[in-house]
Amino acid sequence: MQKKILLSKVFRQSLEQHANEQSPHEACAILLGTLNDNTWETTDIFLTENIDKSEVNFTISNEQLIEGYTMAEDKGLDVVGIFHSHPNSQPSPSNTDTKFMRGNPVPWIIYSGITKEMKAYLLDSDLIQIPIE
Ligand SMILES: [Zn+2]
């Protein structure tokens, strides 16, 4: 079965809004949900703060990471994705993103402030783009 991530229109809109509000800094969020048959289904989103306050990087604080994972555990969910925005570049992973994707093998969703597109990537052995439905 083809790998994909399910992200409702409502969630996409709030992620987009979060990205626009944080612009020109990168915005970030943790997606929670379930994984079945290569499909990551998003059922909750946790908007986080980019403590780097950077236009080209993002870092989620340890406190918020723990909060996200605790929230997932309390609801019986998994972390199904990491979201961040690229205010001034294409929605594709930077070298730094690819490096961190190795340690976080869930779909990475990137929103571009330029193209207004949202794309999802997964790093298995190779970097692949997966559909967002
Ligand atoms: Zn990035």
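**A loop and its surroundings**

Guide: Start with Lys116, which is partly exposed at a relative accessible area of 49%. Keep in mind that this is a predicted model. Lys116 sits in the loop between strand S5 (108-112) and strand S6 (118-123). Its phi is positive, about 60°, although Lys116 is not a glycine.

Next comes Glu117. Its side chain meets that of Lys119 in a salt bridge, 4.0 Å from N to O. The cut-off is within 4 Å. Glu117 is partly exposed at 33% relative accessibility. Lys119 is partly exposed too, with a relative accessible area of 24%.

Why do such pairs form? Side chains of opposite charge can pair when their charged atoms come close. A search of the whole structure finds five salt bridges. One of them joins Glu133 and Lys4, with the closest N and O atoms 3.4 Å apart. That pair links distant parts of the chain: Glu133 follows strand S7 (127-130), Lys4 lies in strand S1 (residues 4-6), and 129 residues separate them. Glu133 is partly exposed at 45%, and Lys4 is partly exposed at 21%. Glu49 and Lys53 also form a salt bridge, their closest N and O atoms being 3.3 Å apart. Glu49 is partly exposed at 41%; Lys53 is partly exposed at 46%.

Now back to backbone geometry. Asp37 also has a positive phi, near 45°, and is not a glycine. Asp37 lies in the loop between S2 and strand S3 (39-48). At 59% relative accessibility, Asp37 counts as exposed. Another loop, between helix H1 (9-22) and strand S2 (28-36), holds Pro24. A cis peptide bond joins Ser23 to Pro24, with omega about 10°.

The last stop is the metal. The zinc ion is coordinated by NE2 of His84, NE2 of His86 and two OD atoms of Asp97, at 2.0 to 2.7 Å. The donors follow the spacing H-x1-H-x10-D along the chain. His84 lies in strand S4 (residues 78-86) and Asp97 in helix H3 (residues 95-103), so this pair ties together parts that are 13 residues apart in sequence. His84 is buried, with a relative accessible area of 0%. Asp97 counts as buried at 6%. The angles among the four donor atoms run from 53 to 159°, and the site is irregular.

Conventions
Residues are numbered from 1 along each chain as its sequence is written. This is a predicted model: local features need pLDDT of at least 70, side-chain atom pairs count only at pLDDT 80 or more; totals for chains, interfaces and linings use all residues. Side-chain values use heavy atoms; hydrogens and water are left out. Donors are N, O and S atoms within 2.8 Å of the metal (3.2 Å for Na, K and Ca); water is not among the atoms, so sites may look incomplete. Four donors count as tetrahedral if all angles lie between 85 and 135 degrees; four count as square planar and six as octahedral if opposite donors are over 155 degrees apart and all others between 65 and 115; anything else is irregular. Helices (H or I, at least four residues) and strands (E, at least two) are DSSP runs, numbered from the N terminus. Buried means under 20% relative accessible area, exposed over 50%, partly exposed in between (1.4 Å probe, protein chains only).
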